[in-house]
Amino acid sequence: MQKKFIPAVLVLSVLLAMFVLSGLQMERTRARFAVAETPRRVYLTFDDGPSTVVTNDILDVLKEEGIKATFFIVSDMAKTRQETLLRIAKEGHSIGVHSASHDYARIYASDEALLCDIDECAAYILEVTGVKPRLYRFPGGGHERQKELIRERGYAIIGWNAVCGDEELKDASAWELYQEAAKTSRGKDPVVLLLHDSARHRATAEALPSIIARFREEGCVFCAF
Ligand SMILES: [Zn+2]
């Protein structure tokens, strides 16, 4: 290369390097914004219902707020509350199998007993709503050994990563449930919040509007499974 061209080549190389680096920086900035633009997701999940008063109060709140949630049904409870189970389905919420009896000793007596319990609950949901459930939640939490069996039956197993404390905190007020939901869901995305809608959980229905308002203030979107 002739000596007179060397400065020009150096300048061009520096310009090229600056161009590539600025491109990379723009990509990084774009990626950062893309992450920030994705809203945090919240799944409200209700176990152990339906009950008459609490489930209907919860459905009223969800309707008013335009939110779809997921209900894990106990079919022995639903048998005397068919219209509430039907309302859950008609209003577009997701329905999953929780149990027929919710009696741990019976359900976990053997693998066959567990599958029988699931089949019984699923058959009842199908009979009333016309929809074959595809979601399952273990009564009392996860049982690693049996998860595969249940997946083989075509269910997605849904756990949770946040609670409102309506089972854990004894006689908690709506305010305490609200605070527990805020505390346990902090920093999680998505949030899968465990709540209960059986008859003794009136405080849960009372806490629900403030729980929803808080997630909305944080820019979250609500989803159903
Ligand atoms: Zn339960």
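## Close-up views of a predicted model

**View 1. Asp47 stands opposite Phe72 in E2.** The structure is a predicted model, in which local features need pLDDT of at least 70 and side-chain atom pairs count only at pLDDT 80 or more, while totals for chains, interfaces and linings use all residues. Residues are numbered from 1 along each chain as its sequence is written. Strand E1 (residues 41-49) pairs with E2 in the parallel sense over four bridges, pairing being assigned if DSSP finds at least two bridges between two strands; the strands (E, at least two residues) and helices (H or I, at least four) are DSSP runs, numbered from the N terminus.

**View 2. Strand E2 (residues 70-74) is largely enclosed by the rest of the structure, because five of its five residues are buried.** A residue is buried if 20 or more other C-beta atoms, placed from the backbone, lie within 10 Å of its own. Thr70, Phe72 and Val74 cover one side of E2, and Phe71 and Ile73 the other, all of them buried.

**View 3. E2 also runs parallel to strand E3 (residues 94-99), to which five bridges join it.** Across this pairing, Phe71 has Ile95 of E3 opposite.

**View 4. The axes of helix H8 (residues 174-185) and helix H9 (residues 202-217) come within 8 Å and cross at roughly 45°.** Axes are lines fitted to C-alpha atoms, for helices over the stretch in contact, and angles run from 0 to 180 degrees between N-to-C directions. Among the residues that meet here are Leu177 and Tyr178 in H8, and Ala207 and Ile211 in H9, contact requiring that C-beta atoms, placed from the backbone, lie within 7 Å.

How values were computed:
Buried ≥ 20, exposed ≤ 12 C-beta atoms within 10 Å, placed from the backbone. Contact = placed C-beta atoms within 7 Å.
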